[in-house]
Amino acid sequence: MVYPIHIESTEDAIRICEKAAAADLGVTISCGTVILDPRSILGLLALVGKEALLVAPDHSNPDEFRDLIKKIV
């Protein structure tokens with residue numbers, strides 16, 4: 001499962017980091033050739049102002065992924 005996101009500010013990066021850590025889904029964020037763990041605030045700060053993809057593993061629960069998206073967006 002993949003969902004496009006835009007990290008507009010430092011506050012967005014912090015919110016994504018907090019929500020991803022609480023969800024414990026094993027999601028990653030992909031931006032071009034870079035793939036990072038969204039629980040890494042330093043990695044997310046490097047993506048401020050960029051389009052990225054929130055990616056969940058194939059075995060993830062779709063409902064939990066949707067809930068995470070609602071919390072992030």
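This is a predicted model: local features need pLDDT of at least 70, side-chain atom pairs count only at pLDDT 80 or more; totals for chains, interfaces and linings use all residues.
Colleague: Glad to look at this with you! In which helix is leucine 45 found?

Modeller: Residues are numbered from 1 along each chain as its sequence is written, and side-chain values use heavy atoms, leaving out hydrogens and water. Helices (H or I, at least four residues) and strands (E, at least two) are DSSP runs numbered from the N terminus. By that naming, leucine 45 is found in helix α2.

Colleague: Is leucine 45 buried, partly exposed or exposed?

Modeller: Buried means under 20% relative accessible area and exposed over 50%, with partly exposed in between (1.4 Å probe, protein chains only). Because its relative accessibility is 34%, leucine 45 counts as partly exposed.

Colleague: What is the order of the strands in the open sheet?

Modeller: Two strands pair if DSSP finds at least two bridges between them. The open sheet has 4 strands with antiparallel pairing. At its edges, pairing on one side only, are β1 (2-7) and β3 (34-36).

Colleague: Which residue in β4 stands opposite isoleucine 29?

Modeller: Strand β2 (residues 28-31) and strand β4 (residues 50-55) run antiparallel and are joined by 3 bridges. Across from isoleucine 29, the residue in β4 is leucine 54.

Colleague: Which strands does helix α3 touch?

Modeller: Contact means heavy atoms within 4.5 Å. Helix α3 (residues 62-72) packs on the sheet, and its direction makes about 155° with that of β4. Such angles run from 0 to 180 degrees between N-to-C directions, with axes as lines fitted to C-alpha atoms, for helices over the stretch in contact. The strands that helix α3 touches are β1 and β4.

Colleague: Why does isoleucine 5 count as buried?

Modeller: Isoleucine 5 is found in strand β1. Leaving aside neighbours within four places in sequence, its contacts include Ile16, Ile29 and Leu54. Isoleucine 5 counts as buried because its relative accessibility is 7%.

Colleague: How far apart in space are isoleucine 5 and lysine 50, C-alpha to C-alpha?

Modeller: Lysine 50 is among the residues in contact with isoleucine 5. In sequence the two are 45 residues apart, while in space their C-alpha to C-alpha distance is 8.6 Å.

Colleague: And serine 30: what is its relative accessibility?

Modeller: Serine 30 is found in strand β2. Its contacts beyond four places in sequence are Ile35, Ala52, Leu53 and Val55. Serine 30 counts as buried, because its relative accessibility is 18%.
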